[in-house]
Amino acid sequence: MVGAPCNGVGECQADGTCSAPAGCERFADARTLCDAGTENGQAYCDLFIQVGRTDCNTYCQRWGAVCLQAWGERDDTCERSGGRGCGENADDQICRCSLP
(Lines give C-alpha, C1' and ligand atoms only; values in the text may rest on other atoms or scores of the structure.)
Protein backbone atom coordinates (compact mmCIF):
# COMPACT_ATOMS: atom_id res chain seq x y z
CA MET A 1 0.00 0.00 0.00
CA VAL A 2 1.49 3.34 -1.05
CA GLY A 3 2.55 5.41 1.94
CA ALA A 4 2.44 2.47 4.36
CA PRO A 5 5.51 1.72 6.48
CA CYS A 6 7.91 -0.87 5.06
CA ASN A 7 11.36 -2.27 5.71
CA GLY A 8 11.10 -1.12 9.31
CA VAL A 9 11.70 2.53 8.52
CA GLY A 10 10.92 3.43 4.90
CA GLU A 11 7.68 4.11 3.09
CA CYS A 12 6.10 2.01 0.30
CA GLN A 13 6.19 3.55 -3.16
CA ALA A 14 3.75 2.97 -6.06
CA ASP A 15 6.29 0.76 -7.87
CA GLY A 16 6.51 -1.59 -4.86
CA THR A 17 9.91 -0.40 -3.68
CA CYS A 18 10.62 0.95 -0.24
CA SER A 19 11.95 4.49 0.11
CA ALA A 20 14.68 5.11 2.64
CA PRO A 21 15.20 8.21 4.75
CA ALA A 22 17.42 10.73 2.96
CA GLY A 23 21.00 9.48 2.78
CA CYS A 24 20.31 5.87 3.77
CA GLU A 25 19.73 4.81 0.17
CA ARG A 26 23.52 4.93 -0.38
CA PHE A 27 23.87 1.61 1.50
CA ALA A 28 22.60 -0.35 -1.49
CA ASP A 29 23.62 -3.84 -0.37
CA ALA A 30 22.22 -3.73 3.17
CA ARG A 31 19.72 -6.52 3.74
CA THR A 32 17.41 -4.29 5.79
CA LEU A 33 17.32 -0.69 6.92
CA CYS A 34 16.55 -1.14 10.63
CA ASP A 35 16.41 2.47 11.80
CA ALA A 36 17.51 5.98 10.95
CA GLY A 37 17.74 9.13 12.97
CA THR A 38 19.99 11.65 14.64
CA GLU A 39 21.98 11.25 17.83
CA ASN A 40 24.10 14.03 19.34
CA GLY A 41 23.69 16.00 16.11
CA GLN A 42 24.94 13.12 13.91
CA ALA A 43 22.55 11.59 11.35
CA TYR A 44 22.80 7.81 11.03
CA CYS A 45 21.38 4.68 9.44
CA ASP A 46 21.19 1.34 11.30
CA LEU A 47 21.66 -1.44 8.75
CA PHE A 48 21.34 -5.21 8.98
CA ILE A 49 24.12 -6.50 6.76
CA GLN A 50 24.98 -9.96 5.46
CA VAL A 51 28.05 -9.38 3.35
CA GLY A 52 30.39 -12.16 4.47
CA ARG A 53 33.05 -11.87 7.13
CA THR A 54 33.55 -8.14 7.38
CA ASP A 55 33.39 -5.51 10.09
CA CYS A 56 31.20 -2.42 10.35
CA ASN A 57 34.19 -0.07 9.96
CA THR A 58 34.94 -1.56 6.54
CA TYR A 59 31.27 -1.72 5.55
CA CYS A 60 30.49 1.91 6.45
CA GLN A 61 33.72 3.22 4.89
CA ARG A 62 32.87 1.47 1.61
CA TRP A 63 29.94 3.90 1.32
CA GLY A 64 31.82 7.01 2.50
CA ALA A 65 30.51 6.80 6.06
CA VAL A 66 31.92 6.08 9.52
CA CYS A 67 30.81 3.32 11.88
CA LEU A 68 29.30 4.81 15.04
CA GLN A 69 28.20 1.56 16.70
CA ALA A 70 27.70 -2.16 15.99
CA TRP A 71 25.54 -4.98 17.35
CA GLY A 72 24.98 -8.64 16.81
CA GLU A 73 21.60 -9.58 15.32
CA ARG A 74 19.04 -12.16 16.40
CA ASP A 75 17.32 -14.63 14.04
CA ASP A 76 18.16 -12.73 10.83
CA THR A 77 16.20 -9.66 11.97
CA CYS A 78 16.89 -6.12 13.13
CA GLU A 79 16.62 -7.28 16.74
CA ARG A 80 19.92 -6.46 18.43
CA SER A 81 21.76 -9.09 20.44
CA GLY A 82 24.48 -7.35 22.37
CA GLY A 83 26.91 -4.63 21.46
CA ARG A 84 30.19 -5.21 19.69
CA GLY A 85 33.01 -3.10 18.40
CA CYS A 86 32.93 -1.59 14.92
CA GLY A 87 36.09 -3.55 14.10
CA GLU A 88 34.71 -7.02 14.93
CA ASN A 89 34.19 -9.37 11.97
CA ALA A 90 30.88 -11.23 11.64
CA ASP A 91 28.75 -12.74 8.88
CA ASP A 92 25.54 -11.02 10.04
CA GLN A 93 25.40 -7.85 12.09
CA ILE A 94 23.79 -4.45 12.53
CA CYS A 95 25.96 -1.45 11.75
CA ARG A 96 25.19 2.16 12.64
CA CYS A 97 26.79 4.21 9.89
CA SER A 98 27.05 8.00 9.96
CA LEU A 99 25.65 10.23 7.28
CA PRO A 100 27.64 13.23 6.09
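Predicted model: local features only at pLDDT ≥ 70, side-chain atom pairs only at ≥ 80, totals over all residues.

Cys-34 belongs to strand β4, which covers residues 32-39, while Cys-78 sits in the loop between β6 and β7, so the link ties together parts of the chain that are 44 residues apart in sequence. The torsion about the S-S bond of this pair is about -80°, and the disulfide is therefore left-handed. Are the two ends of this link buried or exposed, or something in between? Cys-34 has a relative accessible area of 16% and is buried, because buried means under 20%. Cys-78, on the other hand, has a relative accessibility of 28% and counts as partly exposed, because that class lies between the 20% limit for buried and the 50% limit for exposed.

A search of the whole structure finds five disulfides, and another of them joins Cys-56 to Cys-95, again with 2.0 Å from S to S. Here Cys-56 lies in helix α1, made up of residues 56-62, and Cys-95 lies in strand β8, made up of residues 90-98, so that this pair ties together parts that are 39 residues apart in sequence. With -75° about its S-S bond, the link of Cys-56 and Cys-95 is left-handed, and both of these cysteines are buried.

The link of Cys-60 and Cys-97 is left-handed, with -75° about the S-S bond. How accessible is Cys-60 in this pair? Cys-60 counts as buried because its relative accessibility is 0%, and Cys-97 is likewise buried, with a relative accessible area of 0%.

The protein chain averages a pLDDT of 83, and 82% of the residues score at least 70. Among the elements of the chain, strand β1, at residues 5-6, has the lowest mean pLDDT, 54, whereas strand β6, at residues 67-73, has the highest, 95.

How values were computed:
Residues numbered from 1 in each chain as written. Heavy atoms only, no water. pLDDT = per-residue confidence, 0-100. Helix = DSSP H or I, 4+ residues; strand = E, 2+ residues; numbered from the N terminus. Disulfide = S-S within 2.5 Å. Buried < 20%, exposed > 50% of the residue type's maximum accessible area, 1.4 Å probe, protein only.
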